[in-house]
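A few single residues come last.

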Amino acid sequence: MRIEKNALISNSLGINSRCKLLVNLECNDDLYSIEDLIKAHSKYYILGEGTNIIPPSFYDGLILKVEFNHVNNNNNILSVGASYNWSDLVTFCIKENINGFENLIDIPGSVGAGPIQNIGAYGAEVSRLIDSIDCFCLNSFSKKSLKNTECHFSYRNSTLKNSHYLIYNINFKSNLKKDISYKYNSIQKYMTKNLVNSDNLMIEDVAKIISIIRSETLPNPNKIHNAGSFFKNPIIDKKLINFNKFPEDKLIIWNYSDSLVKVGAARLIELIKDRLIPSKNVSIYKNHSLVLITNGKATQDDVLDFASQINQLVYETFNISLEIEPNIIN
């Protein structure tokens, strides 16, 4: 276990953020050595690669960072350490002909962060791939294995979010039948434009297509400071949507259930963004209205104030409230 004082909190938004103590957990024994540290401090936060957080200038508590980086494939179960890079895992699975991961290529962050918000993209969600999750409970200071159903996965959410569970290993299903998913609208458009024949489509082909689409629409956090999709697509009763200022055909709406629809948040923002008061340090990415970017000088308040302005205009225009997707560290 390595402990650093006044350490930087790595984050893809480029916020200059530090914490009282950064605790790096490097092996199983370290899990059982943090009880005294937890009890001695009023708060803690479990950090992955920092690609989905909005940190403060200073966090007066512990930042816990797991550094388990193993990959083992036995008996149709792929066990992966929480600190393993997610996109590297997808690449590994494609090389090993393990199905189901290909649509989630190039999502920034660590494996351990994936199930917390049930990461998803291009018609796929990580929850479909998970068999169980190995955690360390920071209340009882004991290990616990959670079955898929115990995590209560839903759209960009799970019971792991804001819980006392520190994820150190995830067990994925490595024997899923080949079921290539290419019906997502942007994938279909790419295939039509580039004359791609679906009959001979392989998982590596899908991953390549998605990588190209992502690179054209989403900024690389290593080059442009961002935390990915900043707002969730709202799920709402269609009757509550205000179409007075923009007709229904200007919005992107999917059926979600018998009574609810999912609304494309990017389109909502696109329709109101010209009315926003510009921020000195935060802006909307030119190729995707759902992504907020910074110039590396923004504070947590800068980001949240700009997001609040967006939310207020969307609500005033459409009677729809947007929910921030990245985790706000207080």
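A residue is called buried when its relative accessible area is under 20%, exposed when over 50%, and partly exposed in between. The model shown is predicted.

Start at helix H7. The buried residues of H7 are Gln-300, Val-303, Leu-304, Phe-306, Ala-307, Gln-309, Ile-310, Leu-313, Val-314, Thr-317 and Phe-318. What covers them? Part of the cover comes from strands, including S4 (53–54), S17 (282–284), S18 (291–294) and S19 (327–328). Helix H6 (265–272) is also among the covering elements.

Next, check the length of H7. The helix runs over residues 300–318, which is 19 residues. Just after H7, Asn-319 has a positive phi of about 60°.

Now step back to the whole chain. It holds seven helices and 19 strands. The C-alpha trace spans about 60 × 50 × 40 Å along its principal axes. A compact globule of 330 residues would have a radius of gyration near 20 Å; the chain has 20 Å, so it agrees with that rule. Buried residues account for 48% of the 330.

Contacts in the chain can be sorted by sequence separation. Of those between residues at least 6 apart in sequence, 63% join residues at least 24 apart.

The accessible surface of the chain is about 16400 Å², and carbon and sulfur atoms contribute 45% of it. There are 35 positive and 34 negative side chains. The centres of these two sets lie 4 Å apart.

Two loop residues deserve a look. Tyr-122 sits in the loop between strand S8 (120–121) and strand S9 (124–125). Its phi is positive, near 50°, and Tyr-122 is not a glycine. Is Tyr-122 buried or exposed? At 10% relative accessibility, Tyr-122 counts as buried, because the cut-off is under 20%.

Phe-141 lies in the loop between strand S10 (130–137) and strand S11 (142–147). Phe-141 has a positive phi too, near 55°, in a residue other than glycine. With a relative accessible area of 12%, Phe-141 is buried.

End in helix H5 (residues 203–217), which contains Ile-212. The relative accessible area of Ile-212 is 25%, so this residue is partly exposed. Ile-212 and Asn-200 are 12 residues apart in sequence. In space, their C-alpha atoms are 19 Å apart.

How values were computed: Residues numbered from 1 in each chain as written. Predicted model: local features only at pLDDT ≥ 70, side-chain atom pairs only at ≥ 80, totals over all residues. Heavy atoms only, no water. Helix = DSSP H or I, 4+ residues; strand = E, 2+ residues; numbered from the N terminus. Expected span 1.5 Å × (residues − 1). Buried < 20%, exposed > 50% of the residue type's maximum accessible area, 1.4 Å probe, protein only. Contact = heavy atoms within 4.5 Å. Rg over C-alpha atoms; globule rule 2.2 N^0.38 Å. Areas by Shrake-Rupley, 256 points an atom, 1.4 Å probe, with all protein chains shown as cover. Lys, Arg positive; Asp, Glu negative; His and termini not counted. Charge placed at Lys NZ, Arg CZ, Asp CG, Glu CD.
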